[in-house]
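Subject: Structure handover

Hello,

Here is the structure for you to look at. My notes on it follow below the display.

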Amino acid sequence: MTGTAWDLIAAHERRRAGDQALRKRDGAFYTPPPIAAWLAGKALAPLIAGAAAPADLDRLRILDPAVGAGTFLLAACDALRGAGLAPARAASCCYGYDRDPTAIRVAAAALADHSGGGSPGGLVVADTLLLPPEPRFDVIVGNPPWEKIGRGDPRKPLFDERYAEIREGEINLHGLFLVWALRSLAPGGRLAFLTPNTWLQNRFDARLRRHVLDWRVEEIAILPAGSFADTPVTVPAAIVMVKSPPGGRIAVSAPGFRSEVEQRDWAARPHSAMSVHDDAELARVERCWLETAVPLGDVARASDGIYTSTARAHAFVPAGTPGSRLPVREPGASDRPILLSGAELARDVLLPAGAYLAADLAAKHARQASARVAFHAARHPSLARRLVGAVVPDGVHTSNRFIDVRPDGLDPYFLAAVLLTRALDGYFARRFPVADVDAFMLHQLP
């Protein structure tokens with residue numbers, strides 16, 4: 001994909017990448033043209049296949065609600081031109097909104113260049129999420145902002161009101177864009193978005209997942225980390241939907257993995273988790289397990305350890321402890337050992353570095369020191385996805401580098417033996433294929 005239009009977009013994105021304040025405000029990252037072409041193809045392929053003649057396509061309304069410099073609209077034009085539609089007619093199908101006037105000007109120039117002087121259907125400087133949705137678009141495609149907004153953002157009261165059906169916890173803009181786009185699609189319209197993968201299974205997006213699963217989900221694909229050069233550790237997810245009643249099977253994929261899942265299986269879960277590896281076969285295994293088992297949350301309670309900065313501010317080591325930068329003093333009778341770093345826990349084994357927690361903070365967290373099973377709260381994305389945990393005896397504290405699981409009347413060693421089996425470990429890795437481990441995930445384990 002070369003040429004003046006693409007060069008215009010690339011130059012604009014290089015300038016924007018250097019403006020960190022703008023990048024932070026908008027949460028916008030440049031989508032590589034091959035990814036935009038792939039996603040635009042997903043959105044348009046059934047409509048192109050169903051057109052009796054190229055002229056049937058020039059009535060389409062295609063919107064990118066966070067258009068930036070126009071990458072997705074150019075990709076959509078290429079798809080329509082490949083189906084035989086004249087370049088100028090393809091451009092006339094394209095609409096876009098963005099808060100950045102400069103981006104809108106670049107998108108207009110790029111579309112004009114790409115179509116031999118054709119004009120888009122409409123490119124408007126606007127805050128999309130504050131526009132009244134109109135169900136008039138046949139296709140909505142793009143990579144909406146991934147930024148969270150702060151409590152002081154003047155739009156927050158309006159967002160709380162207009163998107164009440166999904167609002168809980170932090171406001172993630174990509175979630176609001178999903179809702180706005182579904183409202184703005186014509187019946188039978190198609191949506192294809194790039195989003196972060198986190199909303200598919202985390203705690204605070206359960207309402208968003210239930211809202212999405214009220215409609216037909218066609219495909220979810222996890223892209224490799226590094227798909228966006230300027231955010232190399234980010235793992236994007238592509239979702240393709242149709243504004244029609246839910247049902248049927250969803251194509252799911254990730255690097256090295258491809259399968260299908262029944263949409264009703266995801267919708268029936270208490271939290272509607274949408275892990276792409278949680279395919280129809282894994283759902284069958286889970287149903288068999290739950291005939292004779294219960295979720296972990298019914299027999300134990302998982303929670304974070306002490307906030308790490310707080311723990312370190314009150315931690316110390318005895319004289320002679322090697323390799324520590326903590327203050328040095330001898331522990332008193334009421335001081336308690338503490339695990340500060342994930343490196344102090346291997347599978348089944350504790351490897352304490354010798355730190356102690358001062359008595360005053362230890363007393364405030366007396367319950368936190370009861371016997372329990374502790375798990376790594378995070379592992380580097382390059383490491384194999386697995387549960388790494390061990391029993392922490394009574395009297396030892398942990399920082400929030402760990403998730404503590406306190407059994408309700410069960411022996412913690414028995415609980416550890418169950419949770420660290422290869423079968424459950426494999427199940428966990430497929431249900432929750434992300435770097436972090438949290439209480440929300442652990443509570444769902446059978």
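Which residues does Ala359 touch, not counting residues up to four places away in sequence? Ala359 touches Ser334 and Asp335, where contact means heavy atoms within 4.5 Å.

Before the rest, some ground rules. This is a predicted model, in which local features need pLDDT of at least 70 and side-chain atom pairs count only at pLDDT 80 or more, while totals for chains, interfaces and linings use all residues. Residues are numbered from 1 along each chain as its sequence is written, and side-chain values use heavy atoms, with hydrogens and water left out.

Ala359 itself is found in helix 13 (residues 359-364). Helices (H or I, at least four residues) and strands (E, at least two) are DSSP runs, numbered from the N terminus. With a relative accessibility of 24%, Ala359 is partly exposed. Buried means under 20% relative accessible area, exposed means over 50%, and partly exposed is in between (1.4 Å probe, protein chains only). The C-alpha atom of Ala359 is 8.8 Å from that of His314, and the two residues are 45 apart along the chain.

Helix 11

The buried residues in helix 11 are Ala280, Leu282, Ala283 and Glu286. Seen down the helix axis, the buried residues fall within an arc of 155°, so they line one face of helix 11. The arc is that of the directions from the helix axis to the C-beta atoms. The cover over these buried residues includes strand 10 (249-254), strand 11 (257-262), helix 10 and helix 15 (422-431).

Loops

Ser272 is in the loop between helix 10 (263-268) and helix 11 (280-290). Its phi is near 55°, a positive value in a residue other than glycine. Ser272 is buried, at 2% relative accessible area.

Asp348 also has a positive phi, near 75°, and is likewise a residue other than glycine. Asp348 sits in the loop between strand 15 (345-346) and strand 16 (349-350). Is Asp348 buried or exposed? Asp348 is exposed, with 53% relative accessibility.

Asp100 lies in the loop between strand 2 (94-98) and helix 6 (101-114), and is buried at 9% relative accessibility. A polar atom of the Asp100 side chain is 3.0 Å from the backbone nitrogen of Thr102.

Helix 14

Phe414 belongs to helix 14 (residues 412-419). Phe414 is partly exposed, with a relative accessible area of 49%.

Regards

How values were computed:
A polar contact is a pair of N or O atoms within 3.5 Å; within protein, one must be able to donate a hydrogen and the other to accept it, and residues adjacent in sequence count only if both atoms are side-chain atoms.
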